[in-house]
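Subject: Structure for you to look at

Hello,

Here is the structure I promised to pass on. Please open it beside this email and follow along.

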Amino acid sequence: MTEQDFILKTYNSTIESGSVKWASPSNIALVKYWGKKKHQIPENPSISFTLSDCKTITEITYTKKQEKGFSFDIYFEGEKSEAFKPKIQTFFERIEIYMPFLKDYHFKIETSNTFPHSSGIASSASGMSAIALCLMSIEQELKADVISTERSMSDEKSHFNQKASFLARLGSGSACRSIEGELVVWGKNESIAESSDLYGVKFEGDVHSNFNKYQDTILLVDKGEKQVSSTVGHQLMYGHPFAKERFDQAHVNLAKLKAILASGDLNEFIKIVESEALTLHAMMMTSMPYFILMKPNTLEIINKIWAFREKTDSKVCFTLDAGANVHVLYPESEKENVLEFIKDELVSFCQNGHYICDQIGQGANQIQF
Ligand code: PMV
């Protein structure tokens with residue numbers, strides 16, 4: 001697949017209007033993406049668990065218009081929002097070549113999240129993937145009469161997911177891993193034949209039953225705006241003294257994780273996942289300028305998790321995003337014990353005692369009217 005394969009060539013521009021709606025989840029990386037080339041091409045491969053309940057729900061209503069040019073309005077949780085407009089404008093500019101109909105219609109974009117607005121949970125993955133999926137459904141409606149002559153139904157579905165992921169990537173890199181479940185790989189890696197830098201692919205390797213319904217409880221340590229955005233953080237990997245070693249390490253860790261997912265060895269799983277989280281933050285701390293996104297309570301939680309593992313037989317572990325919040329990962333069989341541990345020992349480190357219980361999920365789904 002190349003970029004050229006995603007350019008829509010024929011579509012029916014006589015369709016006047018329509019509405020589509022998708023719910024798309026967030027995801028949490030196990031091997032982290034940090035550093036990118038032009039056009040959101042990752043410097044290294046990554047793999048993530050798709051989440052189940054942390055989702056963005058987006059409806060797009062499209063109406064034919066006469067004058068050419070981008071035209072759209074965004075409503076966030078019922079209120080008209082100007083704040084998201086520049087991001088969507090840039091997104092439309094980036095993807096216009098692949099979706100030439102974007103200038104033929106006015107788009108009313110209505111969006112909301114299932115998780116609290118200012119939770120510090122990045123909504124760009126779920127938000128951008130939800131918009132990409134809506135635009136793909138519109139594309140499908142506009143080319144309804146040409147589909148059957150081009151591809152079989154199953155090829156069409158895989159093209160739909162690939163292109164949705166491809167577009168989502170151009171909105172926000174990690175968003176390309178939110179289309180499908182339960183594990184998604186993004187970035188070319190030798191150990192995963194179908195992997196691509198252009199879009200995320202469902203991980204098709206063996207996955208041991210230890211990972212069934214794997215739990216992710218997100219501890220909201222700091223709900224505020226991050227001091228350094230991901231965009232800036234990625235850029236700081238240019239000329240970073242440890243960049244090459246880090247990018248190589250991600251390839252090795254992904255190959256190791258593939259074997260661990262098959263064997264179900266949770267001790268080895270913990271080593272890779274926690275090391276990846278700390279490496280991500282180590283890259284931040286050793287870039288120039290350097291910065292720290294963890295908070296004292298992030299470290300308190302990490303130490304409590306290590307102490308709990310030391311004194312019990314638990315396989316609970318942590319991972320981090322580009323922020324202070326902690327994702328606590330554990331097998332479903334430990335749900336009761338770990339939740340008790342979280343309530344007894346970790347909640348006090350969360351802002352206003354807030355945390356969100358989620359688990360590994362199946363990917364985005366279309367909402368029919
Ligand atoms: O998708 P972005 O550009 O917001 O980057 C996110 C990067 C991390 O969340 C830190 C890691 C990852 O792979 O999701």
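This is a predicted model: local features need pLDDT of at least 70, side-chain atom pairs count only at pLDDT 80 or more; totals for chains, interfaces and linings use all residues.

Residues are numbered from 1 along each chain as its sequence is written, and side-chain values use heavy atoms, with hydrogens and water left out.

Helices are DSSP runs (H or I, at least four residues) and strands are too (E, at least two), numbered from the N terminus.

Start with α2 (residues 124-142) and α4 (residues 153-171). Their axes come within 8 Å and cross at roughly 135°. Axes are lines fitted to C-alpha atoms, for helices over the stretch in contact, and angles run from 0 to 180 degrees between N-to-C directions.

Next, α1 (residues 85-95) and α2. These axes come within 13 Å, crossing at roughly 50°. Contact means heavy atoms within 4.5 Å. From α1, K87, I88, F91, F92 and I95 meet S124, M128, I131 and L135 of α2.

Now α9 (residues 335-346). Its buried residues (under 20% relative accessible area, 1.4 Å probe, protein chains only) are V338, L339, F341, I342 and L346. Seen down the axis, they fall within an arc of 155°, so they line one face of α9. The arc is that of the directions from the helix axis to the C-beta atoms. What do they pack against? The partners are β10 (215-219), α8 (296-311), β12 (326-330) and β13 (355-359). The face turned away carries E336, N337, K343 and D344, which are exposed (over 50%).

Best wishes
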